[in-house]
Amino acid sequence: MRLSILAKGLTMGLLGLTALTGAAYAQTTVKIYMGQLYAPDSDPRSKETMDAIIADYEKLHPDTKIEPVPWLGGDQSTYFAWLSTRYAAGDEPDIGWSHYYTRNAEADRWTALNEYLDGPNDYIPTGQPGHDKWNDEFFDNVKAQIRAPDGNWYQVNTNWVETGLFINNDLMKANGIDTNWASWTDFIKSCKDLKAKGIQPLGVFATPGWSTDQWLDTLLISAAFADQIPSWHLPAYENPFMKDRQLTPEEMAKATHDGKFSTTDPRFDTFLDLTKEVTDNCLVEGFAGITSLDQIMNLFFNDKVAMAWLGTWNAPTVRDTAKFSVTTTYFPPFTNENSKYLTQPTIYRVGGPSSSGQFGISSGAADRGTLDASVDFLKFLTAPAQAQRIAGYDEGNLPVIKGVEPAEVAKGFSAISQLPERGITDAVSRYNGEQYGTPHNRLLQSFMLGEISRDEMKTQYQALLDKAVADQCEANSWDWCNQ
Amino acid sequence: MTSVAIEQASVSVPRSRLRLTSRWVPFLFLLPVAAELIIFRYIPTFSAFYHSLTNWDGRKKDAFIGFKNFTDLFNDNVFRDAFVNMAKYTSLRTIAVLLFAFIAAELIFSIRNERVRMFWKIAFVIPLVVPRSVIYLMWAFIYDPQVGLINEALNLIGLGAWQQPWLGQSSTALGALAFIGFPFVSSLAFLIFVASLEGLPRDIIETAQLEGCSIWKRIWNVDLPMLRGGIVFVAVLLILEGLQTTEPQLILTRGGPGTSTELPAYYLYRTAFDYGKFGQACAVGVVMLGVGLIFTAISMWLRYRSAYDVD
Amino acid sequence: MATVSLQNIDKFYGRVQVLQDINVEIDDGDFAVILGPSGCGKSTLLRVIAGLEEHQRGDISIGGAVMNTTPAAERGVGMLFQSYALFPHLSVSKNISFGMRMRGESKALIKERVANAARILKLEPYLDRLPKNLSGGQRQRVAIGRSIVREPKVFLFDEPLSNLDAELRVEMRLELAKLHDSLAATMIYVTHDQIEAMTLGTKIIVMHLGQVQQVGTPLQVYYQPANRFVAGFIGSPRMQFLHGTVQGVTAESVSVSVPGVAPGIIEVPCEPDGLKAGDEIEIGIRPEDLHYRGSEEVRITGLTTVVEYMGHASYWYGHIAQQERELVAHLHRALRVDRGSEATFTLNRADLYLFDTEGRARRRLQVDNENLQTQLAAAIA
């Protein structure tokens with residue numbers, strides 16, 4: 001008697017389960033992690049706008065459900081650790097945020113998007129760039145920069161960040177400092193004048209991990225090797241629309257391999273000289289003990305530093321918090337007085353596609369059957385109509401989609417975004433890995449503090465360069481590696 | 001008795017079935033715990049032992065490479081520095097915590113009024129609810145070279161010349177990290193010492209008092225020897241904690257300046273999650289396990305060597 | 001001179017009074033036992049004498065000097081705790097020499113006194129052992145040794161034998177008595193055990209509810225208890241109390257009638273001290289004063305409930321008519337009384353005790369005990 005009831009119960013249960021899964025089968029769920037673009041707890045506007053965008057999409061596609069993962073908070077290490085564990089479990093988001101250089105270094109995690117970028121995007125109106133070929137709606141310099149060494153695009157970028165100098169106007173005027181610098185040398189002089197008056201000039205910090213010194217580092221190294229960089233270009237990466245572009249990891253590796261980028265080169269000494277000069281005269285005291293950009297901003301708001309090098313993403317906070325008048329400007333050009341290897345006076349902008357709108361599709365999506373839905377949703381999300389809505393609340397990033405206008409507070413950076421690109425990128429992307437970035441930062445920090453000698457720095461740095469090349473060659477098997 | 005019970009039972013149950021149920025029940029209760037231990041502790045440990053000999057990257061690569069990970073580690077000056085730092089950091093911190101927590105516990109113990117004592121105990125212990133990350137973030141600002149509490153305080157009392165970038169130079173960074181949490185009264189060590197002192201037999205304390213022992217003599221000759229168990233216990237905990245410290249690096253220094261604040265656990269974290277070299281991270285873990293075992297063995301030996309309270 | 005004088009001592013814990021108007025004089029060389037049930041304040045009194053607790057009113061003098069505010073370490077007392085309070089991490093010799101070492105005495109002196117104490121207490125073979133490796137009796141001797149080397153004026157013992165088994169207790173009792181004799185020291189000893197009190201004490205201080213009930217020699221508190229409490233506390237099995245009424249008084253006796261006890265009027269030889277005819281009283285009878293089928297004038301008959309045969313003696317329990325409570329009587333060990341049978345006991349009227357309704361005893365006359373006289377004489381000397 002009891003056995004038959006049990007049997008009936010089991011059968012019902014099984015049938016029920018099948019029905020459920022059957023129902024689920026009819027619907028595709030696309031999980032998407034958008035970083036701070038979807039932060040319900042801290043930015044209600046992001047939730048409101050993104051939910052509306054998702055609702056619009058689901059109306060068009062009733063068989064698809066979009067599941068956004070809220071912002072995880074904390075810093076990027078938290079997110080990347082989370083992502084690693086998700087991948088290990090096979091439970092990662094279908095569409096994920098990442099930096100292009102990180103993504104390119106772990107290409108096996110992401111789907112190459114080339115074939116989709118070559119195809120049409122029906123969410124863009126006819127006649128507008130991108131309708132016939134999706135890739136056309138994105139800015140050229142962005143596309144050039146985020147392309148992987150293997151020629152694939154593993155992500156699309158909807159926006160861009162710039163950095164700039166935020167200046168405490170009141171403090172400068174009170175101390176008679178003229179901020180219309182004609183050259184880098186003028187800038188250094190202003191730093192000296194400020195220090196003489198007991199004011200800390202520039203808020204930049206340096207740690208072995210990420211820090212704003214990485215930006216400074218790329219300016220100085222690019223200026224030091226300015227005349228050599230064009231000769232390091234490889235044909236495979238040529239872009240007729242961008243004559244000054246960042247070197248790709250392969251080009252960087254080859255230049256190092258061929259001894260053209262080396263510590264024995266006098267240009268490296270120029271780089272170290274520039275580093276020492278700006279560190280000693282301009283950087284805020286105790287820069288190596290400052291732990292985050294928040295601390296820099298705190299110093300800036302409390303009149304403890306006259307200038308802070310911050311990003312577009314900080315502009316809304318500065319606008320809302322600073323009790324003094326703030327101007328946004330940039331560094332003046334380097335001249336031959338600073339680096340005799342410059343072909344003309346120039347300054348580079350530090351900005352790039354490491355912004356809020358960086359999306360890629362996981363390589364696991366194909367197995368899960370969510371690939372097509374993910375591609376389609378990305379096309380929808382990146383279409384100008386939606387990108388403009390996002391730009392409305394994402395004020396600290398500059399849109400890089402043709403036809404999309406930046407927010408008011410970011411407009412001031414448009415001028416900066418016209419400056420030339422720096423030739424050599426920051427330490428992590430230079431050789432495509434954190435394991436070269438961290439030792440680089442560490443060595444530079446020690447040199448800036450005067451805790452290791454110049455020679456010691458050069459010896460250890462050369463060892464790092466050699467290792468980076470060896471590892472990269474092993475991982476990528478470029479044909480010039482064996483020469 | 002048993003025979004009486006069976007005679008009176010109206011339901012006949014075979015004796016063997018009865019015994020089976022009662023004997024296996026305790027093991028059934030232990031099963032969930034055993035499962036948790038095996039799945040989350042033992043299997044990962046042995047997996048780490050295995051993977052330390054591979055070039056596992058957390059995803060696809062997993063080839064056997066012998067002891068290469070270990071040789072790479074011992075050739076890496078950052079790794080060696082991390083262990084030297086750990087020795088310094090742990091010694092500093094252990095001594096400081098033991099000293100200050102013990103002093104605080106003795107102070108509390110010397111309060112005669114029960115209510116006042118309870119008030120201070122609670123006052124000292126309440127800060128324990130603050131999460132550690134928050135404490136580290138607070139100290140980031142305390143150590144701020146421009147607006148930080150320490151430098152401002154030094155300035156105020158006329159010792160402006162002693163101002164330093166505490167976290168910003170190799171000579172002071174590690175010490176500054178060890179100092180975080182000063183005066184260490186809101187700590188497990190304090191709780192254990194207070195409990196141990198209050199657990200001392202009252203008549204021993206009174207005997208010492210009767211014999212004309214000053215408080216200092218009593219602390220040195222009676223309290224400390226009798227608290228030996230508690231002291232060693234806290235020391236072991238602190239040493240193992242030093243072995244596993246990553247928060248100050250993650251939140252504050254990232255191991256810098258230079259390698260002055262590198263610690264083994266942070267090295268492991270970075271190798272795994274920043275560099276993606278899980279195999280090598282497992283090797284770091286294996287080394288740390290070895291060091292931890294050695295420390296524990298030494299502590300056990302110290303604890304039980306001619307111990308008066310254990311046979 | 002190691003006298004101890006307590007005058008009008010009052011002690012409060014908050015609002016609760018734990019010691020009430022304690023007045024006791026202890027002479028040099030006395031073995032004073034503070035006896036009482038749990039919670040009577042005896043340990044508190046000892047700790048107050050030691051200086052471990054404060055008293056709110058009254059004066060404590062040791063050796064003639066007032067010690068009210070003197071710290072414990074300076075009062076010249078040596079205290080033995082119930083749990084011996086040995087330092088578990090120190091060897092026997094280090095335990096004994098602890099106080100001397102803390103006070104910075106010379107090494108030679110320490111060595112001498114420790115050796116001396118070890119000799120007296122037979123601890124020489126154990127000097128290097130830790131307390132955990134000693135038996136209970138050995139540990140106690142170490143504790144005593146620690147007090148001895150202090151050469152205190154007064155030794156204070158807080159129930160030292162309570163933690164020992166019965167056999168060891170007897171042995172240690174003898175040791176303590178011998179120690180008292182050999183050191184000729186003043187000792188104040190707290191216990192709830194009347195056997196210890198009776199055998200060790202030269203002076204017994206009976207306490208109850210924070211008050212001194214009586215101070216006297218052992219036989220004095222036995223034969224001349226000051227009140228019902230002392231009478232009921234001293235003596236085992238306990239004295240039993242039967243209600244009665246005063247029929248008449250003379251200068252040296254009180255005549256009472258007690259239901260269930262023959263004859264109808266019993267003349268009890270004691271001082272009347274305010275009693276008059278018609279007053280309610282209680283008489284006290286000790287079980288050992290009852291003789292089975294004896295020939296004395298006072299007779300009690302009862303119905304046997306049970307007889308306990310102890311071996312050295314037996315105890316008879318039974319009901320008497322007209323009294324609610326059971327009677328207990330001492331029986332010779334060879335006698336047999338059946339359950340349910342009637343038993344008659346007789347006792348001498350001089351063995352009766354008399355108490356008024358407030359519990360105050362009347363002073364007994366005609367107590368005939370040479371030992372008592374000896375003790376009393378010694379006490380006065």
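C:Pro263 sits in the loop between strand 13 (261-262) and strand 14 (266-268) of chain C, where strands are DSSP runs of E with at least two residues, helices are runs of H or I with at least four, and both are numbered from the N terminus. The peptide bond that joins C:Ala262 to C:Pro263 is cis, with omega about -5 degrees. Chain C has another cis bond, from C:Ser236 to C:Pro237, with omega near -5 degrees; C:Pro237 belongs to the loop between helix 9 (228-233) and strand 11 (240-249).

A word on what you're looking at: this is a predicted model, in which local features need pLDDT of at least 70 and side-chain atom pairs count only at pLDDT 80 or more, while totals for chains, interfaces and linings use all residues. Residues are numbered from 1 along each chain as its sequence is written, chains are lettered from A and ligands numbered from 1 in the order in which they are written, and side-chain values use heavy atoms, with hydrogens and water left out.

Still in chain C, have a look at C:Asn8 in strand 1 (residues 4-13). Its phi is positive, near 50 degrees, though the residue is not glycine. C:Asn8 is partly exposed, at 41% relative accessible area (buried means under 20%, exposed over 50%, partly exposed in between, with a 1.4 Å probe and protein chains only). Over in chain A, A:Asn432 also has a positive phi, about 70 degrees, but this one is buried, with a relative accessible area of 14%.

Now for where chain C meets chain B. The contact (heavy atoms within 4.5 Å) takes 23 residues from chain C and 20 residues from chain B. Together the two chains bury about 2000 Å², 62% of it on carbon and sulfur atoms; that is the accessible area (1.4 Å probe) lost on being put together, summed over both parts. On the chain C side, C:His89, C:Met102 and C:Lys132 lose the most area, together 29% of what that side buries.
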